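User: I have a model open and would like to talk through a few spots in it. Could you take my questions as they come?

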Amino acid sequence: MGDHKEQPLRVGAAVRRRRRALELTLAVVAERSGLSVPFLSQIENERARPSQSSLEKVADALRTTAVELLAAADPACSVDVVRAEGPGGEPVPDPQVRSLVRGHHQMHASEFTGDHDAGRELQFRNDQLMYVADGAVEIEAEGRAYRLGRGDTLYLTGGVRHRWRATVPETRLLVVAVAEHIEALRDKPRR
């Protein structure tokens, strides 16, 4: 119970994301698919589940396939547990990078164990928070070096170029970020 794969999929969010990515209105998708605007709105808002036939019509209208829409669908759960152990309960050997959030969500989180390519410069579209769970890291951002130890955090706004390296063996760094597909809005300056 509570496992991601046991939950039904919510295809509405995938349909909406695809429609918006193509910059189409519901009316255009309705015209292309032969389905009504209210029905498409109900699908996108998870108030109606499309039949396989209807999903294929929507997919055709969005220039994709029903399989692709289902693959991009969100699980119909608000709680998802990502276990540290493998499927049989056995410990997973120390991975270098482990995703802490499954699926296509507004937030992404990863756990980095040990070191990684310290020379690689990173830049993300949206904001992120870096938290040192164990060990220590050195992060270079905006021409400054920041040394972080266990329990320290560093917040980076979107667009800041940075790089990091572990300075202690077996360091664990958690990175939580607004997902790349989200268009984060910046506050406009007040006049």
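User: Leaving aside its neighbours within four places in sequence, which residues is Asp 115 in contact with?
Analyst: Bear in mind that this is a predicted model. Apart from neighbours up to four places away in sequence, Asp 115 is in contact with Gln 96, Arg 165 and Ala 166.

User: And where does Asp 115 sit in the secondary structure?
Analyst: Asp 115 lies in the loop between β4 and β5, the latter covering residues 128–134. The C-alpha atom of Asp 115 is also separated by 7.3 Å from that of Thr 171, although the two residues are 56 apart along the chain.

User: Why does Asp 115 count as partly exposed?
Analyst: Asp 115 has a relative accessibility of 37%, and partly exposed covers the range between buried, under 20%, and exposed, over 50%.

User: Switching to the surface, which residues form a nonpolar patch there?
Analyst: The patch is formed by Met 107, Leu 129, Tyr 155 and Val 176, which together have about 350 Å² of accessible area. Of these, Met 107 belongs to strand β4, residues 107–113, and is partly exposed because its relative accessible area is 43%.

User: What does Val 11 touch?
Analyst: Not counting residues up to four places away in sequence, Val 11 touches Glu 46, Pro 50, Leu 55, Leu 69, Leu 70 and Ala 73.

User: Last topic, the whole protein: how many helices and strands, and what percentage of the residues is buried?
Analyst: The secondary structure comes to 5 helices and 10 strands, and buried residues make up 35% of the 191 residues. Among contacts with a separation of 6 or more, 65% are between residues 24 or more positions apart.

Technical notes
Residues numbered from 1 in each chain as written. Predicted model: local features only at pLDDT ≥ 70, side-chain atom pairs only at ≥ 80, totals over all residues. Heavy atoms only, no water. Patch = residues over 30% accessible without salt bridge, like charges linked within 9 Å, V, L, I, M, F, W, Y side chains within 5 Å. Areas by Shrake-Rupley, 256 points an atom, 1.4 Å probe, with all protein chains shown as cover. Salt bridge = Lys/Arg side-chain N within 4 Å of Asp/Glu carboxyl O. Helix = DSSP H or I, 4+ residues; strand = E, 2+ residues; numbered from the N terminus. Buried < 20%, exposed > 50% of the residue type's maximum accessible area, 1.4 Å probe, protein only. Contact = heavy atoms within 4.5 Å.
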